[in-house]
Amino acid sequence: MTGRLKAPTGRYGGRTAEERKAERRRRFLDAALRLFGDSPGFRAATVAALSQAAGLSTRQFYEEFRTLEDVLAALHLEVNGWAEQAVLDALARAEGLPLAERASVLFHAYARGVTCDPRRIRIAFVEIIGVSPRLEEQRLARRARWVDLIRAEADAAVARGEAAPRDYRLAATAFIGSVNGLLHDWSAGWVDASLDEVVDELVRQLLGILRPEGWRPEAG
């Protein structure tokens, strides 16, 4: 033989197998956001319909996911991840601001991240509910991360002398329920207010929790 066969590189059309796999997964998730977050919703969707919406085959679906529930689980985490990144980016911008201004910056970032697409609201607060014990555990675990973030902000405010010292575990859990409920209702058109008004109300509630009536900061 005068030459050698080259070992396969795994590239097709200039892309690696991993890149093609990531693209397929992205197309399924984008299609799921449309179908689960709008019409027909998760419970009425099928693998065939999702594959058609993604422009892919059912065989390719099963190469990426086992069930539609797996797609919903991945999409729920992604929607929360987008909102979390918006808040983390806002934290950098809010560095050094007084408590009220800091809270306003953070909640505006969260609200915009969640409500910029009504389908995200539906995924995060509607479609995920009651699907299975597995997804309920995921939902509660993801909500616990938001509770931990609020507690960390509250504890930092206490350390700066801007908030009353206490255990904020229960208060943060109750407050995040108010946040999610109000934003969902606003997105559904059940609250006659602008998004800025909704956020301002949430900030007032948080400040009322952190600075209860009668509390005064200690003189420095």
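Me: How many aromatic pairs does the structure hold?
Reply: The structure holds seven aromatic pairs, where rings of Phe, Tyr and Trp (its six-membered ring) pair if their centres lie within 6.5 Å, with planes under 30 degrees apart counted as stacked, over 60 as edge-to-face and the rest as tilted. This is a predicted model, in which local features need pLDDT of at least 70 and side-chain atom pairs count only at pLDDT 80 or more, while totals for chains, interfaces and linings use all residues. Residues are numbered from 1 along each chain as its sequence is written, and side-chain values use heavy atoms, with hydrogens and water left out.

Me: What kind of pair do Phe 28 and Phe 61 form?
Reply: Phe 28 and Phe 61 form an edge-to-face pair, at 5.5 Å centre to centre and with 85 degrees between the planes. Phe 28 lies in helix H1 and Phe 61 in helix H3 (residues 58-64), so the pair ties together parts that are 33 residues apart in sequence; helices here are DSSP runs (H or I, at least four residues), as strands are (E, at least two), numbered from the N terminus.

Me: And are Phe 28 and Phe 61 buried or exposed?
Reply: Both Phe 28 and Phe 61 are buried, a term for under 20% relative accessible area, with exposed meaning over 50% and partly exposed in between (1.4 Å probe, protein chains only). Ring pairs also link these two with Tyr 62 and Phe 65 into a cluster.

Me: Switching topic, what is the volume of the largest pocket?
Reply: The largest pocket has a volume of about 210 Å³, which is the space filled by probe spheres set on grid points that are joined across faces, edges and corners. On a 1 Å grid over the protein atoms alone, a pocket is an open set of points with protein on both sides within 12 Å along at least five of seven lines, a cavity is a set where a 1.4 Å probe fits but cannot get out, and lining residues have an atom within 4 Å of a point.

Me: Which residues are closest to its centre?
Reply: Of the 15 residues that line the largest pocket, the closest to its centre are Ala 124, Phe 125, Arg 139, Arg 143 and Asn 180. The elements giving two or more residues to this lining are H4, H6, H7 and H8, and H8 gives the most, with five residues.

Me: Where is Arg 139 found, then?
Reply: Arg 139 is in helix H7 (residues 133-159), and Arg 139 is buried because its relative accessible area is 18%. Leaving aside neighbours within four places in sequence, Arg 139 is in contact (heavy atoms within 4.5 Å) with His 76, Ile 128 and Ile 129.

Me: What covers the buried residues of H6?
Reply: The cover includes helix H1 (17-37), helix H4 (68-93), helix H5 (99-115) and helix H8 (169-187), and the buried residues of H6 (residues 118-127) include Ala 124 and Phe 125.

Me: Where is confidence lowest and highest?
Reply: Confidence is lowest in H6, at a mean of 89, and highest in helix H2 (residues 47-54), at 96, on the pLDDT scale, which gives the predictor's confidence in each residue from 0 to 100. Over residues 1-9 the pLDDT is below 50, and this stretch has zero contacts in the model beyond near neighbours in sequence.
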